Every structure is written in C-alpha cells, then in structure tokens.
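Visitor: I would like to go through this protein one piece at a time. Please show me the sequence and the structure before we start.

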Amino acid sequence: MRAALFGSGAPRRDFLAYLITFAGYLAVAQLATIIYRDLGTAPALIFAPQGVSLAATYILGYVAAIPIALGALLSAILNGAPPFIVTMSVIANVVQPMVG
C-alpha cells in the first residue's frame, strides 16, 4: 500500500506525508501534556500521540520513524525534560509503533 500511495517518484507527496505526521504528532503530544500535566489528570494510562505514530507507521511504513522521532524530540524539549528523558522518550516513541 505504501508503494501505491507514497513511492515511485513522488518526493513532494512523501515530504507532505512526513510533515503531516510530524505536525500531528507534535500537536497531539502538546495537547496530551496540557490534559495530563496541567489539568491534573495524570498518570496517563493511554498516551494519545502513540495512536498518531501507530497510524503513521501502518500507512507510511518504517520511514515514519523519522517524523515521529522529530516530533517526540521537539515535544520533550518544549516540555523542559532533562536530556536523559528526552533521549529515552524519543527511543520509546519510535520503537513502540514499530513493534505494533
């Protein structure tokens, strides 16, 4: 399915798909942060951005790891996480949808 939608000479379409994945992940991650941390509903049993990353992985394939990693990285940095947490968060957010 990926080849039919995003392969064979469509770099603009690929870039747009990656940009949408990145922006969607970042937006949902920031919304989840507001809901869970600022509104006092923590701990989060379901991390909503993982739904975005799982859907992107199913649609785009493993190449979705790049915009997911960038979205997770920027989200963690915007939330003021320490470097170790940023690193582990990016790794976890990329690996989780890849294993299903």
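This is a predicted model: local features need pLDDT of at least 70, side-chain atom pairs count only at pLDDT 80 or more; totals for chains, interfaces and linings use all residues.

Visitor: What percentage of the 100 residues is buried?
Guide: A residue counts as buried when its relative accessible area is under 20%. Among the 100 residues of the protein, the buried share is 32%.

Visitor: Against which helices do the buried residues of α4 pack?
Guide: Helix α4 covers residues 65-78. Its buried residues include Ala65, Ile68, Ala72 and Ala76. The buried residues of α4 pack against α2 (11-38), α3 (49-60) and α5 (83-99).

Visitor: Within what arc do the buried residues of α5 fall, seen down its axis?
Guide: The buried residues of α5 are Val86, Val90, Asn93, Val94 and Pro97. Seen down the helix axis, they line one face, because they fall within an arc of 85°.

Visitor: Which residues are exposed on the other side of α5?
Guide: The buried residues of α5 pack against α2, α3 and α4. Exposed means over 50% relative accessible area. On the other side of α5, the exposed residues are Phe84 and Val99.

Visitor: Which residue with a positive phi follows α5?
Guide: Just after α4, Gly80 has a positive phi of about 75°. After α5, a positive phi near 95° belongs to Gly100.

Methods:
Residues are numbered from 1 along each chain as its sequence is written. Side-chain values use heavy atoms; hydrogens and water are left out. Helices (H or I, at least four residues) and strands (E, at least two) are DSSP runs, numbered from the N terminus. The expected span of a helix is 1.5 Å times one less than its number of residues. Buried means under 20% relative accessible area, exposed over 50%, partly exposed in between (1.4 Å probe, protein chains only). Contact means heavy atoms within 4.5 Å. The arc is that of the directions from the helix axis to the C-beta atoms.
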